[in-house]
Amino acid sequence: MKILIAPAKKMREEQVLPPQGEPVFLAQAKKLAAYLAGLSYDQLKTLLACGDEIARLNYRRYQNMDLERRTSPALFSYEGIQYQYMAPGVFTREQMEYARQNLRIVSGLYGLLRPFDGVVPYRLEMQARLKTDFCRNLYEFWGNSLARQLAQEGAKVVVDLASAEYSRAVLPHLPPEIRRVRPVFGQLIGGKIVEKGVYVKMARGEMVRFLAENQIQTPEGMREFCVLGYQYRQDLSREGELAFIKP
């Protein structure tokens, strides 16, 4: 079982721990980084669709980027809400091994990351309007390579805990024999399941922690998740989708 999660926009600047390997798609990441380093400040700011402070930070990053020096494990490098609730910093050795085997981070720059692959701080969202002489956007750049990698790793089930922006880079390309499962975290309002952004991120992080703590290897085992008030609802679930509802 492979669990997909999205990266976070905010990353640690300092080196956290030594990594345990290089990203599978390091060569492709270097190609993207070289292109981004060639953009002017205004071009990069437009591409990243951000304010001056973030644009200046990432312009400096790309101008000085070396993807093989001063790297940190990906799992400890992102600082978003999902990662805060996952709290990998207090994983046990057994939970770390579970993450190593099962967890994968989908990245605009790096493609597909294992938890302990070495990364450097960057900013590049998968849906960025990156149009170059070698691709029209990042979805075209990565094509079916991320899904192929999961298949090569022997994935039988892919659990989608990523946002739609990142899932889109993988799920449409998976071979039909790989089962897809998406947990939905929401409230029942007017007979419909309504998902609210920040709470979904919190729940996704807690779900990764739950899976690691309990060494879950099948989607059926996910049904026992009952954190932050969420409870599995079989009556609201359907093929490929597990509904977790809170009052």
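Ala, Val, Leu, Ile, Met, Phe, Trp, Tyr, Cys and Pro count here as nonpolar, Asp, Glu, Lys and Arg as charged, and the others, Gly among them, as polar. With that sorting in hand, the lining of the second largest pocket turns out to have six nonpolar, four polar and eight charged residues. The structure is a predicted model, in which local features need pLDDT of at least 70, side-chain atom pairs count only at pLDDT 80 or more, and totals for chains, interfaces and linings use all residues. Residues are numbered from 1 along each chain as its sequence is written, and side-chain values use heavy atoms, with hydrogens and water left out.

Now for the empty space. Rolling a probe the size of a water molecule over the atoms shows where such space is left. On a 1 Å grid over the protein atoms alone, a pocket is an open set of points with protein on both sides within 12 Å along at least five of seven lines, a cavity is a set where a 1.4 Å probe fits but cannot get out, and lining residues have an atom within 4 Å of a point. Grid points are joined across faces, edges and corners, and a volume is the space filled by probe spheres set on the points.

The second largest pocket holds about 360 Å³ of space. It is lined by 18 residues, and E13, R69, R70, V120 and P121 are the closest to its centre. Helix 3 (residues 52-63) hands over the largest share of this lining, three residues; helices (H or I, at least four residues) and strands (E, at least two) are DSSP runs, numbered from the N terminus.

The largest pocket has a volume of about 560 Å³. Its lining takes in 27 residues, with A6, P7, A8, S163 and K201 nearest the centre. At least two lining residues each come from helix 5 (81-86), helix 9 (164-167) and helix 10 (197-214). Sorted by class, the lining of the largest pocket has 12 nonpolar, five polar and 10 charged residues.

Among the residues that line the largest cavity are F185, G186, Q187, Y199 and K246. Strand 7 (179-189) and helix 10 each give two or more residues to this lining, and strand 7 gives the most, with three. By class, the lining of the largest cavity divides into five nonpolar, two polar and three charged residues.
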